[in-house]
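Subject: Structure handover

Hello,

Here is the structure I promised to pass on. My notes on it follow below.

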Amino acid sequence: AVLVNGLYKPKMTIEDNKWYRFRIVYGAVELVTSVFPWFNEHSTCEMQMLAKDGVYLHEAPRLVDKLFYASGNRVDIAIRCKCVGKPPCSSHLVSAAKRPEGTPDESTAEAERDLDAFEKQGEAENHTAGAPGTGSFAGIDEKIVEQDVLHFDIEAPVAAHHIVSLPLFAVYRPCYLVDLRKVPVPESNQGRIELMNPVDFRIQYAHQLIGGVARGWRMTNMEEQPLAVLDVGEVYQWYLRGPEGSENDRHGISIHPFHMHVNNYQIVSLEDMDHHGGFYKVGDWADTLMHGSGQAMIKSVTNDFIGAQIFHCHLLDHEDVGMMAYFEVTGDEGSWWHGARKVDPTCYRDLSGVGFKLLGDTSLLMVQPSFVRSEPGSNCHAACADLGGCSGTLPLGTGEEFQAVLRQMGTACSSVTESADEHAPSMLEGGACVQRKAAAAVGHCGKIAKGVRRFCRCGGM
């Protein structure tokens, strides 16, 4: 069961059409949850997300229809509910793998029966570990909470208030949280973090994004060796996934929520975001990430602090058996990455720079889509890491459209055929190109094939 501030299914009175800010912390040791409003024909609710894991979005607020939580995630939201007619009315926040059918009835007794039926249905349909979820939880390999979480009684305003839509704004950022999406990271500062499959509860590390030898062990105490030694005041790029191999392409962070201490990380490539209702965006910062695609490319800055930087699976029973590791950050305490000021001249090192600016209708986050070829034997997460993230592979289109994209990339193919392979569309060794068959599944951004150059669509999200 989920408790709200120690209470089971509490009720809260709010005013009609008034904004409220909530900081929702998911303090569970296991399970995942998706929270969204469930309202009836007499009420509606709107949620605008402001921050995740303690870091403001680069552009806020962001309209979302649901919130996703793995163990330890935090989300700041603004929410307002209003009655369709005159107050009073009611609404609910619920957790479920998918939105319940129908609406809770307005009368208290019938609403309780509706909610009880919803919870029992959810328990019967719930996905247990080893049976990944569907819909918004596609690929997530952890049990999902199905429960009514919070009841809103919506009353008439105590005093008249001006009804407003929240303006779009951006906060001025500390220099350790500037936008790293377009910052190139030298290969010496790149690596791969492999979250192993149950029942092998280890974290492995390789000193390159693709290939190489990954090593790791169960951590039982701080006398264990670090997986890598980092320099303070540098930018690093890490590829989160399961153990390398095609059978593990969708494992990794679909099984293990990845949590990092000391320094937050920025998501620079992540796929399958459309069905999450706006919750996930390339450019967001996090310290805990669980996602059904199983993979993500992230960047982080090692500013100021030296010593052990711990990271681990945020499921308590996994970390308790040793699914934990650390980097040793070395150098002069207080050193920071001075390139931050080139990325964002307004970034600050002390509280004198704190503030915000209002934005117009133009998005600061949108990166124009582009098409690129990966390196041989690499994938689209790596190819798009500095270009707005992988937003998929080339569209099917017609043969003429495919040729137009090839010309845009400056690519000439010795021949073009169709293939159902997951790496398609791509260029094979020898220069032959394969286009994805119409009936084939869309290629995974993280798919790797030996000697094959993937055709990737970057940005545009």
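A contact here means heavy atoms within 4.5 Å. The model is predicted: local features need pLDDT of at least 70, side-chain atom pairs count only at pLDDT 80 or more, and totals for chains, interfaces and linings use all residues. Residues are numbered from 1 along each chain as its sequence is written, and side-chain values use heavy atoms, with hydrogens and water left out.

The overall picture comes first. The chain has five helices and 32 strands (DSSP runs numbered from the N terminus; helices are H or I with at least four residues, strands E with at least two). Buried residues make up 56% of its 461 residues (buried is under 20% relative accessible area, exposed over 50%, partly exposed in between, with a 1.4 Å probe and protein chains only). Among contacts with a separation of 6 or more, 74% join residues 24 or more positions apart.

Next, the cores. A nonpolar core is a set of buried Ala, Val, Leu, Ile, Met, Phe, Trp, Tyr and Cys residues joined through side-chain atoms within 4.5 Å. The largest has 63 residues, and Phe258 and Phe327 touch the most other members. Strand 10 (residues 74–83) gives the most to this core, with six residues. A second, separate core of 14 residues includes Leu180, Val183, Trp285 and Cys347.

Look at phenylalanine 258. Leaving aside neighbours within four places in sequence, its contacts include Ile193, Leu195, Leu240, Tyr265, Leu289 and Phe311.

Histidine 256 sits in the loop between strand 18 (235–241) and strand 19 (258–260). Histidine 256 counts as buried because its relative accessibility is 0%. Its side chain reaches the backbone oxygen of methionine 196 at 2.6 Å (a polar contact is a pair of N or O atoms within 3.5 Å; within protein, one must be able to donate a hydrogen and the other to accept it, and residues adjacent in sequence count only if both atoms are side-chain atoms). Not counting residues up to four places away in sequence, histidine 256 also touches Phe201, Cys313 and His318, among others.

Five strands form an open, mixed sheet in the order 17-25-24-19-22 (two strands pair if DSSP finds at least two bridges between them). Strand 17 (228–231) and strand 22 (288–289) are at the edges with a single partner strand each, so one side of each has no neighbour in the sheet. Strand 19 and strand 24 (residues 307–313) pair antiparallel over three bridges. Methionine 260 has phenylalanine 311 of strand 24 as its bridge partner.

Best wishes
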